[in-house]
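Good morning, and thank you for making time for this item. I would like to take you through one structure, beginning with the way its chains meet and then turning to one chain in detail.

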Amino acid sequence: MVSKKGERKAAVEGTKERGEMLEEFKGYLERAKKGDKEMLPALRETLDQMPQLARKLVDPAKQAEYSMIKNYAGDDLLVTETMPRTLNLMREELAGPNPSPLEELLVERVVATWFQVQYFESLYAQNIRNLTIPQSEYHQKRLDRAHKRHLSAVRTLAQVRKLLKPALAQINIADKQINTTG
Amino acid sequence: MAWERRERGGLYYTRSRKLDGRVVREYVGSGSVGELAAQTDALERLQCEEEAKAWKEERERMEALEAPIEELCEASEVFAQAALYAAGYHRHNRGEWRKRRGK
């Protein structure tokens, strides 16, 4: 059995590893932004590893989501049971058929930020009568940040879909719908 | 909040508070009145400390829940930008994404 201390140590190391990975990748990106074409192969290579990298990022976010569901639901078993299903349904609907690894990651982000907004709103609503003015301001700021994160997540997903996915054209032949790239 | 020894030897309970930016000492009383005020203040202080501790823990808990999602947001934004650059797009004046000419 892993001790709490061991868990914390692993979490810290995981964060460090992800942080280093992200910093390295940001370095490639900055050079690519400045027109350094030599960085493109490294950038593409890292993008090819997207599924593994995405898992490293999504797992901690899912853990946070699980904790939020527990807090959000409290003793309500119905919410405890239905909320993960609602979130999974959202994931499926947003991802659509055959999502790319990048889309999957962006969908995960949209769902996580959406639920975070719900969670912070409910937390604020539950405690609003007991909060001091500074505490209330703190909650408001947190909520504003969560809203911004969610809007940004939606915008990026839409942008990536629009620019990186070939447009689908719908053709109906003999009452059968055929989707083709155009 | 403190007990102050008077010139005649008795103890007097006092409270210090800020009034218009100046520290003002309020003389509450001696004997049982002072004792009662001291106990009330000590209880209030304890309550304040407990509330501050609870609020600090609540903030830490929320920050711990926020951090992995912030990390996910930051990383996925970087990946999305990288994918767009790799596909030949660039950001025009930090705004819309445009395809580079001749690609």
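Let me begin with a definition: two residues are in contact if their C-beta atoms, placed from the backbone, lie within 7 Å. In that sense, 37 residues of chain A are in contact with 24 residues of chain B. On the side of chain A that touches chain B, at least two residues each come from α1 (4-33), α2 (39-48), α3 (50-73), α5 (101-127) and α6 (133-164). That side divides into 22 nonpolar, seven polar and eight charged residues. Here Ala, Val, Leu, Ile, Met, Phe, Trp, Tyr, Cys and Pro count as nonpolar, Asp, Glu, Lys and Arg as charged, and the others, Gly among them, as polar.

This is a predicted model, in which local features need pLDDT of at least 70 and side-chain atom pairs count only at pLDDT 80 or more, while totals for chains, interfaces and linings use all residues. Residues are numbered from 1 along each chain as its sequence is written, and chains are lettered from A and ligands numbered from 1 in the order in which they are written.

Now to chain B. Its secondary structure comes to one helix and five strands, in the sequence pattern β-β-β-α-β-β; helices (H or I, at least four residues) and strands (E, at least two) are DSSP runs, numbered from the N terminus. The radius of gyration of chain B, taken over C-alpha atoms, is 31 Å, well over the 13 Å that the globule rule gives for 103 residues, so chain B is more spread out than a compact globule. That rule is 2.2 Å times the number of residues to the power 0.38. The C-alpha trace of chain B spans about 95 × 30 × 15 Å along its principal axes.

Four bridges join β1(B) to β2 (residues 11-19) of chain B, and Glu4(B) has Tyr12(B) in β2(B) as its bridge partner.

How values were computed
Two strands pair if DSSP finds at least two bridges between them.
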